[in-house]
Amino acid sequence: MAAIHIRDVAVSFPLYHGESRSLKKTVFAAASGRLGQDRKHRLVVEALRNINFSLKSGDKIGFVGSNGAGKTTLLRTMAGIYEPVSGRIDIEGDVTALLDAGQGMNFELTGRENIRLRGLFNGLNDEQIELLQADVADFAELDQFLELPVRTYSSGMVVRLGFGLATSIKPQILLMDEWIMAGDASFMDKAKQRVETMVRGAEILVLSTHSADIILQWCNRVIWMDKGQIKADGTPEEILSAYLTPEQLALAKSNLLKVAA
Amino acid sequence: MNMTMLPGRGLEADMDVSRASGTAEHSVSIVAAHDWRGRFAMAATDLRDTASLWRLVWTLSVLDIRLRYRGSILGPFWLTLSTAVMIGALGFLYSRLFHTDTHTYLPFLSLSLVLWGFLSNLTSEGCTCFTGAETMIRAMRMPLSLHAARVVVRNILVLAHNVLVIVAVFLIMGTVPGIYSFTIIPAFALWVVDGLAIGLMLGVLCARFRDIPPIVGSIMQIAFFVSPVLWSPTILAHRGIGIVLVKWNPFFALLEIMRGPLLGAPIELETWAIALGYSAILILLSAISFTRARARIAYWV
């Protein structure tokens with residue numbers, strides 16, 4: 001069974017390249033009130049503080065919060081990209097992170113080559129890589145573009161390729177940032193189908209978004225991030241009614257009904 | 001920090017892309033460690049994971065080379081050709097300047113230039129091994145030493161193209177490799193280990209301090225001229241300064257364990273001892289910097 005346990009996690013970014021510390025300090029402190037100093041008195045931005053939560057199979061969790069609240073940093077930390085300065089993260093199960101559309105792809109290489117690299121990263125053999133290429137190309141509707149460098153793709157194609165790549169190698173835990181909502185309507189349907197198949201198999205979905213519709217559609221739990229800390233944790237109803245104004249919530253619900261209809 | 005991660009073990013792909021290895025789930029623990037033992041364990045795991053991803057390292061390196069020459073007719077053989085032209089031109093000029101016979105000078109020069117090219121590309125590309133892989137580092141968790149290994153393998157591929165020039169020069173000049181030529185096998189193994197150490201150390205330093213790459217560039221340029229690369233160390237044999245420039249020069253020791261045996265020199269235990277000594281220092285410094293900074297690289301790039 002997949003699970004994630006996050007205990008007392010803190011993440012801070014060092015500010016090395018600033019010349020005028022005091023100016024930076026003032027600006028940042030005014031902006032967020034989140035500047036601190038680490039053990040060696042270097043100036044750092046405390047991106048995450050005192051993060052504690054656990055996820056189990058079947059959890060479909062959404063992160064909400066204003067820009068700069070630490071949602072993406074938390075996703076990156078859960079993916080193991082940023083290692084925390086304190087605390088610990090225990091992840092049981094295979095993780096795939098959809099953090100940016102590029103997916104670490106080399107845009108100079110062709111779609112086929114990028115898929116091959118991902119397959120090798122996941123320890124697949126040549127036969128499996130061919131199946132992977134066929135599957136991803138089919139999902140992303142790339143056709144003859146598969147043999148062209150990714151930089152020649154439209155942004156929609158890049159998103160589809162990245163999404164196909166991340167979901168084709170079936171993860172038990174999927175971490176998604178809000179960029180995925182940039183797709184067109186038909187892509188959204190396809191993406192939703194694909195994620196739903198994955199989530200149905202008792203996997204974990206973690207989603208960071210500004211969109212209440214998406215939360216109501218996909219999530220059964222919401223964490224509200226504010227200034228790098230967890231402000232609230234509960235069901236979508238509870239959190240959204242506190243996070244949004246009543247009008248916004250009503251609008252999101254009516255949108256949801258439209259989608260359902 | 002602590003982690004036990006091997007990306008991909010047990011990942012299951014859609015459709016018929018079946019599990020890579022069994023059904024065992026794997027778990028990752030990332031623990032913020034402030035002690036050296038924990039950090040060292042993490043760095044060791046990182047290197048082990050890179051070793052298990054050798055196919056990815058190989059493919060990335062091959063694609064790097066292919067990409068560099070995509071669309072050109074000669075492809076990577078431009079490497080061979082430009083090296084050949086360089087050695088031809090310099091060889092005739094310098095054999096005049098140094099009053100040496102082209103039959104002894106050209107084989108020496110071809111070996112020196114090709115090996116130096118490998119070393120100098122390794123250092124300059126080692127500087128950017130992490131900063132250049134920023135998109136990969138930020139997109140997913142993968143062992144970081146993989147990026148240093150990629151630089152080493154890529155440069156070995158470049159070297160393989162340039163070796164053709166050395167073979168051609170040896171054939172044309174009728175040079176016969178010495179009987180101790182087999183010792184270039186352990187010597188090259190040492191080069192590979194040193195290359196990885198250089199990549200890890202410079203990669204970490206350059207990710208953190210952006211002023212390092214130009215400094216490394218200047219040092220390598222000076223080292224090229226003061227080390228016996230273009231000129232034979234025998235020129236300095238009877239002058240006092242030769243001891244400093246030749247004997248205690250780490251570049252000379254490393255070059256000589258490869259170059260000497262091929263040009264028919266006997267095995268110099270002292271040169272080997274110096275090369276191994278400097279390598280030990282390099283590996284130690286590299287281990288310290290990588291162990292110390294591994295967890296922070298993602299923040300720096």
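Modeller: Happy to, and let's start with how chain A is divided. In this predicted model, chain A splits into domain 1, made up of 1–6 + 53–94 + 171–261, and domain 2, which covers 105–170. Taken over C-alpha atoms, the centres of these two domains of chain A are 25 Å apart. Where they touch, domain 1 of chain A contributes 9 residues and domain 2 of chain A contributes 7 residues. The side of domain 1 of chain A that faces this contact consists of 6 nonpolar, 1 polar and 2 charged residues.

Now for chain B. It has 12 helices and 2 strands, and along the sequence the order is β-β-α-α-α-α-α-α-α-α-α-α-α-α. Of the 301 residues in chain B, 39% are buried. If you count the contacts in chain B with a separation of 6 or more, 76% of them join residues 24 or more positions apart.

Helix 4 of chain B (residues 102–127) packs against helix 6 of chain B (residues 145–173), with the axes 9 Å apart and an angle of about 170 degrees between them. Angles over 145 degrees count as roughly antiparallel, so helix 4 of chain B and helix 6 of chain B are roughly antiparallel to each other. By class, the contact between helix 4 of chain B and helix 6 of chain B holds 17 nonpolar, 7 polar and 1 charged residues.

Technical notes:
Residues numbered from 1 in each chain as written. Chains lettered and ligands numbered in written order. Predicted model: local features only at pLDDT ≥ 70, side-chain atom pairs only at ≥ 80, totals over all residues. Helix = DSSP H or I, 4+ residues; strand = E, 2+ residues; numbered from the N terminus. Buried ≥ 20, exposed ≤ 12 C-beta atoms within 10 Å, placed from the backbone. Contact = placed C-beta atoms within 7 Å. Domains from an automatic or database assignment. Nonpolar A, V, L, I, M, F, W, Y, C, P; charged D, E, K, R; others polar. Axes fitted to C-alpha atoms, helices over the stretch in contact; angles between N-to-C directions. Parallel < 35°, antiparallel > 145°, perpendicular 65-115°, else oblique.
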